[in-house]
Each structure stands twice: as C-alpha cells, then as structure tokens.
Amino acid sequence: MEEREFNLLDEPWIKVITPSMEQKEVSLTDVMIHAHEYKDLAGEMATQDAALLRMLLAVAVTVFYRYDANGKEEPLISEDDEEDDVEDDDTSGNTVLRRWKQYWKQGRFPKQALEGCLEAWRERFWLFHPETPFWQVKDLNFGTSYDVECLFGNVKESNNVRTRHHFSMTEGEEVNRLSYGEAARWLVHLNGYAVNLKTDKKAPGPGLPVGVGRLGRLGFVMVNGENLFQILMLNLCAHNEDKELWGQPRPAWEQAVRTEQGCERETFDNLPELYTMQSRRISLERDQNGRLTGFRAMGGDFCPLENAFSEPMTIWKEKKGDKKTDPSYFLPQTHNPAVHAWREFAVLLERKEHIPGVVRWIQTLYGEKMLPPDFLLTFRMIGMVYGDQMNYTYGDCVNDTLSMSADLLADLSRAWRSRIADQVEKCQNTASAALSHAASKLSRLLYGTGSAKNGIRDALVRQYYFSVDGPFRQWLVSIDPIKDSPDEKQAQWERQSYYYARKTLEDYVADLGTDIYMYREEESKDGPKRLLTIPRVVNEFLRELGRIYILTEDEE
C-alpha cells in the first residue's frame, strides 16, 4: 500500500446534488470552487451534511478573511478603521459587510484564493499519510478499538460484545466494503457526532471526560440558500457576537496535530478553529489489501458550553442556578424529534438576548439591505438523538425546516414576532392543558381510574400537532409583515387551531365506539356527586379551549 493515499483536495468524496437533482461526488477543491453550481450537500444523512458544512465553512471563512472577492490577498479591517470616502460598490473596501456584498454579487468564491489557501497545506489532506493523515493521529495506540461498522452514523450499534446489535441503512456486505471517499465523509461525521466513550487511563493528556462529539451537544441550526455558495455565505457569521472581527483563521490543518486525551479548550476566537475542533483523536485502520477494517478513537478536545456564545450555530435554553442566589446561565438546547421546528420559534427569533449567531448574522445582512426584499428565509435544524442514557449508541436523526419572510427579522416586525410566539404558546397550552385535562376525564370515565391518562393524552397531543403542523407552516410563510393586518392574521390562525383541536377530541371520541350515554359518577368537592359523560367531557374541553382562543359565536 502507498503511504500517501487519497488526497481530499483531488479525489471525489463530498456528495452534492446538482440543479438537475443528480447526486455526484466531488473533491474538496471542486466543491468550493463550484459551490454556486451545486444545490446542496447530499450525504448519507443530515448530520453528515451538518458536519461537512462546518468543515466547508472553515474553508470559506478562512478565504473570506484573507482575500477580497477578486482573489487579491487583503486582510479584513474593522468598520471603525474604514475610510469614509469609500463608495458602497467600490471593491477596494475591505470591511466585513463590504466584502460580503462583493462576494455575494460575484456569486462564487475566488478560485485563486481557494487554491492558495488549500494547496499550501496539501500534505495535511491525505486520508492516509505517514505523519499527518487528515483529521487523525498517526498510529494511535490508545483509546477504544471499533469495528468498521461503528464508523457509520446510520448504524445503531452497541459496542458491548454480549449485547451487540446493529441496524443499518447500508445493506449486506457493503457495510464492510467501505470506499475511501465514504470513509472520509464518516470520519468528519464521527468527529462531530461521535458517541460517548470511556477514558483510557494509560493515554497521555489530562484525560477529562469529553462526552459526545461537539455537534451532538448543539441544537444545530443553519440557513438554507438557493445553492451551496449561498448556504455558505448566509451561514458565514463573519462578525462575532459583539459584531466585531473574529481573530485570524486557524483551521486544524494549519496547526500542529494534537495527540493528548481529554483536553479542555477555552472559547475560540476564530470560527475555522472552532469548526475543525477535534472532538476525537482518531486513527483509521486497514489491512494489507487496503480494505478498511475499523478505527481507534479516544477523547480529544472539548469546549465548555455554558454561556459559550461564540458558538453561532445553536439555539439556547436558560437554566436556573443550583441555588436561589446563583445566576442563571445558558446551554445549547438540543433538538427533540417529537418537537416540530416551528415550536422553537421563540428561542430562534423572539428571545431578547442570546438568539443564535446565524440569526444575528442574517438580521445584520437584512438590516443593511444586502438581501432581496422578497427573500424567503428557511432555517434548517439538525440533530442527533443518542440511543441510550449514557450516549454510547446512535439513535434518531432530527432534520426539520422552518420558513418565513425575511421581513420578520426587521426591528419593525418585533410585534409580529411576539404574536407568532404567542400563537406557538397557545398551541402548547392546547396540548399541555386542554387536551391533557380531557385525557384525564376520559380515563376516569372509560376505566374508572386515571391510569390510562398518559396513553390517551399522548394520542391526542400527537394527533393535534400532526394536524396543525402543515397549516401552521403555511400560515407562517404567508405572513407579509408589510401588508398584512396582525389582528386579521392572528384571528385566521386561531380559527384553524381551534378547529383542529376540537376535531382531534371529537374524532378520538367517535373512534372509541363507546355508547355516548355511558356515564360514571364523579366526586365533587363542593356538592353532590356529578355524572361524568362523554358530552360533558367534550363540553368542558371546549370551554377550556375557549379560554385559550377567544372566538365569536359565528367562529366557533
């Protein structure tokens, strides 16, 4: 076997989708130079695309910070240092927003700049290399040894020999015939979403527990575009959380290989270093015929997530301190596969502080009128749900989108955003209060106890959210903050939500096949026993629903 094999700058390995909806594999150099010609990434699963996007963003930010739109080497400067007499369309300006505008207008990344950034580090992009294999540690002798099927993110497997089981989207013997291109994709995915692993006490380094891969701990959110170039530019986040320049780009391939186990890193001052952080020390293994047989892995670097607002691609949740006197803090809010993306509207857009960095970046672009007025904004939320409490196995993949008019980002649309957040909350109240109360009543009526409440509630809530999911998305996309009346649009949705909630309970009752005149006596706190009947359960539900949605008699 050759010592140097499969250079990622030349060999096809990144899966993309073309405008004609065909899939193809291209090299790292090709995907960046021709990003405007590809619609999107098209890997084996959404989490793989998210991990690869972070790597491509590391390249894009590095090029953006070092070269202007024409490929001329020229570092960025602060807006405060810009000369006042530079015209808006003058390509000699090199502030963040001026440069972004020129890149966007050009519609592609400068080829000369890309080749200059990547070719200078060609030796670091060999998948197999005697000294510096890509994103790996040469001849890693510590950590845990894994079979090749554990490299797949869509294989659900326990590494416990006695209980080993796995389910894969890859059929038959193909799981053991991994091409170098696919191995490279899964290598990037492994670094981002690796399952938890035990510390090797013999390995050098601090040996701190690192948990799952970096991306597995985020409520990952990104912005879609019409092609891959737009996706990279819309997620560039070229300002930090203080709307200032980041530090100079330092992607992993421009740094010395790190080999220590379990290293805590400080908050990063530049995105390429953050996006290429090595959550795992990995070494791919192959036999004499070049067939991949497995890999070794141990804990790598990790960055504390508490109030780590330099991370721009996550939604946040507020946590109370352990004691009443302790201040609250924020952690990434991982995605729940049972929660539709629109139910996260408030944490995405409406929170007064600590909204995702990608949202702040889009708000900046929109505020500077760098996006077209009819721009349809689509957020994509991706996540990994691990298969057990200790996160030692892979589980479900979360992949959802949320679309809306970019006008909703404007300062003048704050009232709109507040109303939308209120409607999301009302949907949640319908599920958690009104339907839950009806489930409790039905359980007592049908079975004499509340033991079946949870099963009935889950069925009702699941059906209700299923019913309103599509209509809510359509309603949100239909909002034109400039032309529409907030009161009319709000009333329009409340009528729909009321209808779907009412229909959910009425359909459930109808499907029971129970005699409508069935009754059961119910204790009353303030009087004689009352008869609990299905009509009474429905009427009480409608009264409670009426307190959430105050409709006129004609609307009910």
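Colleague: What should I know about the model before reading it?

Modeller: The model is predicted: local features need pLDDT of at least 70, side-chain atom pairs count only at pLDDT 80 or more, and totals for chains, interfaces and linings use all residues. Residues are numbered from 1 along each chain as its sequence is written, and side-chain values use heavy atoms, with hydrogens and water left out.

Colleague: How many helices and strands are there in the chain?

Modeller: Helices (H or I, at least four residues) and strands (E, at least two) are DSSP runs, numbered from the N terminus. The chain has 13 helices and 19 strands.

Colleague: At what angle do α10 and α13 pack?

Modeller: Axes are lines fitted to C-alpha atoms, for helices over the stretch in contact, and angles run from 0 to 180 degrees between N-to-C directions. Angles under 35 degrees count as roughly parallel, over 145 as roughly antiparallel, 65 to 115 as roughly perpendicular and the rest as oblique. Here α10 (residues 414-447) and α13 (residues 534-548) pack at about 165°, their axes 10 Å apart. The two are therefore roughly antiparallel to each other.

Colleague: Which residues of α10 and α13 meet?

Modeller: Contact means heavy atoms within 4.5 Å. Among those in α10 are L435, A438 and L442, and α13 contributes residues including V537, F541 and L545. By class, the residues of this α10 and α13 contact divide into 11 nonpolar, three polar and five charged. Ala, Val, Leu, Ile, Met, Phe, Trp, Tyr, Cys and Pro count as nonpolar, Asp, Glu, Lys and Arg as charged, and the others, Gly among them, as polar.

Colleague: At what angle do the axes of α10 and α11 cross?

Modeller: The axes of α10 and α11 (residues 453-478) cross at roughly 155° and come within 8 Å. These helices are therefore roughly antiparallel to each other. The contact of α10 with α11 has 16 nonpolar, six polar and two charged residues.

Colleague: Is C237 buried or exposed?

Modeller: Buried means under 20% relative accessible area, exposed over 50%, and partly exposed in between (1.4 Å probe, protein chains only). C237 is buried because its relative accessible area is 2%. C117, at 7% relative accessibility, is buried too. Of the chain's 556 residues, 55% count as buried.

Colleague: How many disulfides does a search of the whole structure find?

Modeller: A disulfide is a pair of cysteine sulfur atoms within 2.5 Å. The search finds zero.

Colleague: What does T29 touch?

Modeller: T29 lies in helix α1 (residues 28-33) and counts as buried at 13% relative accessibility. Not counting residues up to four places away in sequence, T29 touches L9 and L118.
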